[in-house]
Amino acid sequence: MAAVAAGNGTPREEEGPSGEAAAPPPQAPTSVPGARLSRLPLARVKALVKADPDVTLAGQEAIFILARAAELFVETIAKDAYCCAQQGKRKTLQRRDLDNAIEAVDEFAFLEGTLD
């Protein structure tokens, strides 16, 4: 719980053990109009799902789950590729960083040979 600053009633961040400001606690998703739970456009994900001839029906929940899974996948591979870039003393991702991440992480083995 954030402590209240003396006098003005505004909350201030608590300090962690190292003297730095502690991160705010994660908040549950809100039902505020306009708040997005998915960063990918669901209409585009739905169009991609419908492009598969094997798919006959896909509910909104399934589309949302696929969009969220795609976001998490892209986030994970980007973080791993960024680690490869940092090993090369760079901040900009390059294709070879993706290739190195795919080769280094067993979970990405299914992608080997797809970026050729």
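Keep in mind as you click along that the model is predicted.

**Stop 1: the two helices.** Select residues 60–87, which form helix α2, and residues 95–104, which form helix α3. Packed helices are described by the angle between their axes and the distance between those axes. Here the axes come within 8 Å and cross at roughly 110°. Angles of 65 to 115 degrees count as roughly perpendicular, and α2 and α3 are therefore roughly perpendicular to each other.

**Stop 2: the contact.** Which residues of α2 meet α3? On the α2 side, select Ile77, Asp80, Ala81, Cys84 and Ala85. Their partners in α3 are Asp97, Leu98, Asn100, Ala101 and Ile102. Colour this contact by residue type and you will find seven nonpolar residues, one polar and two charged.

**Stop 3: Asp80.** Now zoom in on Asp80, which sits in helix α2. Then show the contacts of Asp80, setting aside neighbours within four places in sequence, and you will see Ala101, Val105 and Phe108.

**Stop 4: the buried side of α3.** Finally, select Asp97, Ala101 and Ile102, the buried residues of α3. Look down the helix axis: these residues cover an arc of only 135°, so they lie on the same side of α3.

How values were computed:
Residues are numbered from 1 along each chain as its sequence is written. This is a predicted model: local features need pLDDT of at least 70, side-chain atom pairs count only at pLDDT 80 or more; totals for chains, interfaces and linings use all residues. Side-chain values use heavy atoms; hydrogens and water are left out. Axes are lines fitted to C-alpha atoms, for helices over the stretch in contact, and angles run from 0 to 180 degrees between N-to-C directions. Helices (H or I, at least four residues) and strands (E, at least two) are DSSP runs, numbered from the N terminus. Angles under 35 degrees count as roughly parallel, over 145 as roughly antiparallel, 65 to 115 as roughly perpendicular and the rest as oblique. Contact means heavy atoms within 4.5 Å. Ala, Val, Leu, Ile, Met, Phe, Trp, Tyr, Cys and Pro count as nonpolar, Asp, Glu, Lys and Arg as charged, and the others, Gly among them, as polar. Buried means under 20% relative accessible area, exposed over 50%, partly exposed in between (1.4 Å probe, protein chains only). The arc is that of the directions from the helix axis to the C-beta atoms.
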